[in-house]
Amino acid sequence: MKKNFIQKVANWGNFPVVEKNIKSEDSLSKIQDFVKNNNQIIARGNGRCYGDASLSDNILSTKRLNKFISFDRINGILECESGVLISEILEVIIPQGYFLYVTPGTKFISVGGAIASDVHGKNHHSEGCFSEYLLEFDLLDEKNEILKCSKQENPEKFWATVGGMGLTGIILSAKFKLKNIETTFIRQESLKAENLDEIFEFFENSESWTYNVAWIDCLQKGNNIGRSILLRGEHVLRHEISEKNGENPLKIVSKIQPKIPFFFPDFILNSFTVKIFNWLYYSKQNRKEVKQIVDYETFFYPLDFVHDWNKIYGKKGFIQYQMVIPKEKGKEGMRKILETIAKSGNGSFLAVLKLFGKNNPQAYNSFPIEGYTLALDFKVNYNLKNLVGKLDQIVEDFGGRIYLTKDAMSKSSLTGYLKNVENAKFVSLQHKRIMNGGSINKI
Amino acid sequence: MIILGSNSEVAQAFVEKALSDGEKYPVIYLLTSHRETTEKFAKHIEVKFLQNSEIIDLDLMKEIDFSTLEKVNSDLLFCAAGFLGEGTEEALYDYKNSEKIISINFAKLVPVINFFAEKMERQRFGTIIGLSSVAGDRGRQSNFIYGSSKAAFTAYLSGLRNYLFDKKVHILTVKPGFMDTKMTEGLPLNPKLTASPKQAATYIYKAFKKQKNVVYVLPIWGLIMLIIKIIPEFIFKKMKL
């Protein structure tokens, strides 16, 4: 058997699939050799971005940069290598009474990915992006030198790298601040909204809650457009906890995780099955308002429960489309978007709506701007390009933009917002596509 | 616990498995020829499990100073030292490559294990876990230098088990099939037959707890190797395996 590092690789959406040179290393000297001997490099963590962001001709996988470096248990400061996953971090910090300030909807992302995407969570309006809590990181830059970056040291590189999609170099390790928690439980309220007006009202009335997110049925039409369920949550304090959970308030939750064993055939997911799913989800809750105590896994990572859920979308894969529209035009924009999707019949299983708070102007490469953000999954098919084109046009008309971590085919006027990332060493297929001004991902 | 070949991902995963199972050791001795990466691992288990460890330099390709190992005492030795080398086609007649394979997998390794086996024999207690390979079950044209060194190692472990049986020291022989590690990155391995280090560590840890003698990782490899072993030689010699 001969070694061959040219391999098929795709990110979470399984679109696009490319054959590229991919290698993982665990020592700095070998990573530096890789950078010296190659051009057109991008770092890749756990491949949980959806499109072509962490793909390039030469991919340096950080999966073997998986070690913890230090943990200040008193001040809640953790340092680890960039390939460590959030799931691994939680196992270490939760028993000590800590959680991450910012976590996206999956815990299977790497720390390097969290920085490169400057990820946000259900608490963007109250606590901002990942970079708010990032103290420092080591970056292997285009000169193949290690640069310590923080808000004080090399701040230009620091701010270009957060949200910079890996284009400034390879993040080797990072140090960040953790959030104190007294229990691992979340006090959750779910509110049913009949339509778009109501869900917007809910969001605006819930700004004092730490966590807010809504699931939205995007196949509804007419008066029902925007039918949705808002989930809001707060960490449960020690004294608020019931006796049953009181014995071990900082328990790690591990659930038996079913796996999707193979790619589902194409016909399984269609607008009919999505309609049934959405109907079931919406009808599951009878009352207008439900209050309950849930564990952190249920609240933050409902999808992680099913391993490889991306295979449900079939071999051709899917894209996630996430855009943000400025707050003042949010409702009008969302209505247009939802109308367009309902008309297309390209139903999205999981449509998530959120209200972003004010952005940190220093983190100029980060995606979030104050406004409404909607994330949708679409199965890849021949109509998709057309639908994305229409949605892009609406987003552009309303002054919005697209989340690069999800993007695989949007127009470059919505995705070309990164600054200070150009160099001769590091580039991704996504960045090349955006710079070329068009889509090169063939369906 | 003593780890021989601490840079091995399977060894590291085994340590993590034992620690997350709640085991505590006064100190874990990490014997290695790769200090840089092993230092990272030592810090890692300190952060994650508050586990003490000590790194001891040991390069099987150099003269071994056994006095540095005098203080190293434990009732568990995990031996993951090994070297795959280049495949046969490229390097069969490269004597340096052959020598290195035989040395690290067998010739230079055995005296080190003997050193610890003797200590265990004296304390009349302990377990030695040795990572051999399915490649040692039958010599095949694709990697028989590596395979034969592992065959020798398997035979050694079997003899040692027999010898130490009434001295209350147990030997576990582990025969991994395909593994997803640094050593095999880039090889076209069938994912269904390939174990991740974490998966392998879980199997090995279970086998250790149950005092098994020989285990295949993944278990399917036991069946595959059985078939490979029973093919008559006059057919086998014509096969391209």
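User: At what angle do the axes of helix 4 and helix 5 of chain B cross?
Analyst: Roughly 15°, for helix 4 (residues 95–107) and helix 5 (residues 109–123) of chain B, and the axes come within 5 Å. Axes are lines fitted to C-alpha atoms, for helices over the stretch in contact, with angles from 0 to 180 degrees between N-to-C directions. Helices are DSSP runs (H or I, at least four residues), numbered from the N terminus. The two helices are therefore roughly parallel (angle under 35 degrees).

User: What should I know about the model?
Analyst: This is a predicted model: local features need pLDDT of at least 70, side-chain atom pairs count only at pLDDT 80 or more, and totals for chains, interfaces and linings use all residues. Residues are numbered from 1 along each chain as its sequence is written, chains are lettered from A and ligands numbered from 1 in the order written, and side-chain values use heavy atoms, without hydrogens and water.

User: New topic. How many residues does each chain give to the contact of chain B and chain A?
Analyst: Chain B gives 24 and chain A gives 25 (contact: heavy atoms within 4.5 Å).

User: What area do they bury?
Analyst: About 2,100 Å², 50% of it on carbon and sulfur atoms. Buried area is the accessible area (1.4 Å probe) that two parts lose on being put together, summed over both. Lys40(B), Val47(B) and Glu185(B) supply 31% of the area chain B buries against chain A.

User: How many salt bridges across it?
Analyst: Four (side-chain nitrogen of Lys or Arg within 4 Å of a carboxyl oxygen of Asp or Glu). Asp26(A) forms a salt bridge with Lys182(B), with the closest N and O atoms 2.5 Å apart.

Definitions and conventions: Angles under 35 degrees count as roughly parallel, over 145 as roughly antiparallel, 65 to 115 as roughly perpendicular and the rest as oblique.
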